[in-house]
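Reader: I am new to this structure and would like to go through it slowly. Could you take my questions one at a time?

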Amino acid sequence: MGVQLLVGTRKGLFIIRGDDERRSFEVEGPFLKGWTINHAVSDPRDGALYACSNNWVYGGTVHRSDDGGATWERSEGLGLPEESELKLASTWHLEPGHASQPGTLWLGGEPAVLFRSDDSGATWKVNEAVLEHETRDRWEPGAGGLITHSITLDREDAKRLWIGISAAGVFRTTDGGASWEPANQGTEACFLPEDRFPAVGQCVHKVLSHPGRPGRLWQQNHCGVYRSDDSGESWERLDRNGLPSGFGFGLALDPSDPDTAFVIPEESAENRVTCDARIGIYRTTDAGASWKLIVAQEPAWAAVLREGMGFDDEAVYAGTQSGFLYALRDGQVVEAARHLPPILSVEAATL
Amino acid sequence: MAVVLLPGLLATEAGGQQRFELDAATLLDALRALPVAALVLDERGEVRPLVHVYVDGERARDLAAALAPGARVRIVAAIAGG
């Protein structure tokens, strides 16, 4: 089976289709011209396409297409209540809801907000428990703003999910979003002068739950790569055993193997470029005990953003800020596209 | 009846329609009547900071101002971006 990649860029959305072997790719687009696509995803339940679309003049919204990108509808009514004294600045990540909840979507945005739709994005309701969280006054914006950028589901329990907010940390709900508790024990806030293990304030860059093993989470953080085997109750640091740096953004998993994960480390927070003058994809197959380098390109001084890695059953995909897209399958890297606008997000869906 | 003219991206979002003839007592009424109202106005009903509105060639800042019959409203995106 082939793959459809939704590639969000600073200048529109591209749909890139790969063959069964992930060796040949065709680029279609751009769609949604004039919009910056922070993230786009295909809903596995009905095939609809969703884009977190943003424009520096017209703000942040969501577009939906039911015909593969030919036509788009825009969500209405996205905004924050007046009593919050906040305004929606941008949309960052859309996560289709649990398989048992058709039409339910989750949407993360700035400033550290979460929305839910139960009508496939026609209307949205802000999550008040996040908006009014008791620790909100301790959340600080990262370089991308104070953003809810990760939303990851428990495939078995529709009421359990996790979100990642920069720089507030990981939060977990077990009641469908009615309440959220910090889930940051063991993750470091290495940029703080003291108390580097606070309850909140960590700079999570990406968090993913493994679709096949409930309770196993992976996290690429500002301060290391982490794994949790207890639903985020505690985290183990994994980046001192083969990774050149703990700093990075992108994260990808293998749906068939919960012990496999992929990251693309960057030199440091001060110099956000891939390590050792190359695009190095590091893979672990032993739950993070060791990592092996797969060189995608060298020499290169690139960067892959927090939504810049995608994966399906066959391969892992990485898009760079310099507009190159790579596919990694069976240890072999193929250049899938080049000279796109700066790539902000990659999502893969098996056709 | 006022005429409202949209820039390209807003016209695309309005289904390809660039020119609207609207019955509107005030400028705010006219903007709210557009199918792209949510892109011109934020959730408080305020014009987004980089959206500029001109009425008969003059920059309009008072949304409550009455619109004269035949007024020509032009929405302009501020020069920005890269």
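Author: Before anything else, pLDDT is the predictor's confidence in each residue, from 0 to 100. What you see is a predicted model, and on that scale chain B averages a pLDDT of 94, with 96% of the residues scoring at least 70. For the complex, the predictor gives an ipTM of 0.94 and a pTM of 0.96.

Reader: What makes β16(A) and β17 of chain A a pair of strands?

Author: Pairing requires at least two bridges between two strands. Five bridges join β16(A) to β17, residues 217-221 of chain A, and therefore the two count as paired, running antiparallel. Within this pair, A:V204 stands opposite A:N221 in β17(A).

Reader: Why are β16 and β19 of chain A called edge strands?

Author: The open sheet has four strands in the order β16-β17-β18-β19 of chain A, with antiparallel pairing. Both β16 (204-209) and β19 (236-237) pair on one side only, and this is what the name refers to.

Reader: How do you know that A:Y317 is in contact with A:L5?

Author: Contact is a matter of C-beta atoms, placed from the backbone, lying within 7 Å. A:Y317 meets that condition with A:L5 and also, among others beyond its neighbours within four places in sequence, with A:F311, A:V346 and A:A348. In the largest nonpolar core, which has 98 residues, A:Y317 is one of those that touch the most other members, along with A:M309, A:A318 and A:L325. Apart from that core lies another, of 22 residues, including B:L31 and B:V40.

Reader: How many residues of chain A are in contact with chain B?

Author: On chain A there are 12, and they are in contact with 14 residues of chain B. The side of chain A that touches chain B divides into five nonpolar, three polar and four charged residues.

Methods: Residues are numbered from 1 along each chain as its sequence is written. Chains are lettered from A and ligands numbered from 1 in the order in which they are written. This is a predicted model: local features need pLDDT of at least 70, side-chain atom pairs count only at pLDDT 80 or more; totals for chains, interfaces and linings use all residues. Two residues are in contact if their C-beta atoms, placed from the backbone, lie within 7 Å. Ala, Val, Leu, Ile, Met, Phe, Trp, Tyr, Cys and Pro count as nonpolar, Asp, Glu, Lys and Arg as charged, and the others, Gly among them, as polar. A nonpolar core is a set of buried Ala, Val, Leu, Ile, Met, Phe, Trp, Tyr and Cys residues joined through C-beta atoms within 7 Å. A residue is buried if 20 or more other C-beta atoms lie within 10 Å of its own, exposed if 12 or fewer, and partly exposed in between; C-beta atoms are placed from the backbone.
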